[in-house]
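Please open the model in your viewer and keep the selection panel at hand. The stops below are meant to be followed in order.

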Amino acid sequence: MRVVIEQARCCGAGQCVLAAPDVFDQREDDGIVILLQENPPEELRAAVMQAIKVCPTLAIRLEG
Amino acid sequence: MRTVIVVGGSAAGLAAVQSLRAEGYRERIIVVGAEIHLPYDRPPLSKGFIADNLPFEHIRLGDQALLDDLGAEWLVPARACELDLNGRILRLEADDRLGFDGLILTTGVSPRAFPGKVPGGVYTLRGLDDAAALRTALGTAPRVAVLGTGVLGMEFAATARKLGLDVTVIGNSLHPLARQFPSEIGELLAARHREAGVTLRLNEQIAGFEETGGRLNGVRLANGEIIPVELALVAIGSKPNVDWLWTSGLLIGDGILCDARCCAATGIYAAGDVASWWHSGYGARLRIEHRMNATEQAAAAVKNLLGAAEDFRPIPFMWSDQHDVKLQSYGIFPADGALEIEGNMASGRFVALCHHQGRVVGALGWNAAKALRQSRMRLADAMKDIRIDEPALTAA
């Protein structure tokens, strides 16, 4: 599972961090998404899927 | 259920389709969308789309492959004009009649127009075509007026200023975002706009427009003063797209009136900007015109259509980018709430909490996205054990 983020689309809502705090974080001031791990372990798949679902700008996707 | 129709092909409509599939609904989905464009994101229209000349590719929601995977029939451009509640039939302007078992209404809002006839050079901003027209027009308009001091007006003012234009914001409120946030926030925002070179004419009434040969050349205030401009954006609020539903039998007020589960009638749900629903966590009727709500409410409405029976109790989230300020908020900010500042307002980074009736109901971050997210937890805790049902309507 490889997580891909598009920072240019991100609006800093932080919904992904609420869904999967082990995979996503935010920059301090503008809240733009930071990827903590590009290849998270399989047990985090459900959390990552939830983050993808709640992202208001569809800035996260999975490859593989 | 064999057929679900989604009326409205924008963010909430797309989220409804995605949720239907994610929840395992495999039957027919028809989307009726008024705009010819595939679903796109509206927030960038007042900001990056104009200031940074972003291409459509950058603001579209999902690509063709994603839409194909969803397997819905997209009828665009098409408008619904009549709903037969008992017969379960939706009629389109082209006179097609579509039967449905489930219906999700995500028709959104339209900009409130300035009363009377307006000259060329006066715009409103809601859709992609509006934004594209504005983007072009700004190239030949050195002086710009923004009518209205809400989120859209203030964002557009910042965008036009970024393009180097002479910008005047005119409104009858005492400070920007007066309907969203307490005055302390509005005043700070006003100061930031002035610092960036935007002229604010607050507490002013607008009388009308001045023109030559059908082209705008000024905005006239009630006191007779004329502010010379070549372009004006009217951003004085919006109205829910419900005109076609007045005779349907659905309850219509400020939007489509739904219960705490986003249900407007048996098998009929509403979501996004057009939906007014009872929030049982705040004990208040809300209608939210923010991007995040479109996604969250569409998902909740779909779950309930499919049988979940859960109140929709989100912690509303909004954001706005103006100059170098990233404003974000969770929750609600009642007019009689009390503001508590965490940190220093003058520092350019702080979180403000809103207390109302003995609990914390709102949190606002000023360039403090990460700290704000942490205070969201407090709002969730404060709401957790509260459930306030809507008072029953009694005949007068």
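This is a predicted model: local features need pLDDT of at least 70, side-chain atom pairs count only at pLDDT 80 or more; totals for chains, interfaces and linings use all residues.

Residues are numbered from 1 along each chain as its sequence is written, chains are lettered from A and ligands numbered from 1 in the order in which they are written, and side-chain values use heavy atoms, with hydrogens and water left out.

**Chain A as a whole**

Select chain A and colour it by secondary structure: there are two helices and four strands, which follow one another from the N terminus as β-α-β-β-α-β (helices are DSSP runs of H or I with at least four residues, strands are runs of E with at least two, numbered from the N terminus). The C-alpha trace spans about 30 × 20 × 15 Å along its principal axes. Of the 64 residues of chain A, 48% count as buried (buried means under 20% relative accessible area, exposed over 50%, and partly exposed in between, with a 1.4 Å probe and protein chains only). Among the contacts in chain A with a separation of 6 or more, 53% come from residues 24 or more positions apart, where contact means heavy atoms within 4.5 Å.

**A:R9**

Next, select A:R9, in the loop between β1 (2-5) and α1 (15-19) of chain A. Which residues does A:R9 touch, leaving aside those up to four places away in sequence? They are A:T57, A:L58 and A:A59, together with B:E57, B:H58, B:I59, B:R60 and B:L61. A polar atom of the A:R9 side chain lies 2.3 Å from the backbone oxygen of B:R60. A:R9 is buried yet has no salt bridge, and the nearest side chain of opposite charge, A:E6, is 4.4 Å away (a salt bridge is a side-chain nitrogen of Lys or Arg within 4 Å of a carboxyl oxygen of Asp or Glu).

**B:I206**

Move to chain B and select B:I206, in strand β13 (residues 206-212). B:I206 counts as partly exposed because its relative accessibility is 22%. Beyond four places in sequence, B:I206 touches B:F114, B:L147, B:I170, B:V219, B:R220 and B:L221; B:I170 is 36 residues away in sequence, with 7.7 Å from C-alpha to C-alpha.

**Helix α5 of chain B**

Finally, select residues 128-137 of chain B, helix α5, where B:L128, B:A131, B:L134 and B:A137 are buried. The buried residues of α5(B) pack against α2 (48-51), α3 (56-59), β9 (122-123), α6 (151-162) and β16 (231-234) of chain B.

How values were computed: Lys and Arg count as positive and Asp and Glu as negative; His and the chain ends are not counted. A polar contact is a pair of N or O atoms within 3.5 Å; within protein, one must be able to donate a hydrogen and the other to accept it, and residues adjacent in sequence count only if both atoms are side-chain atoms.
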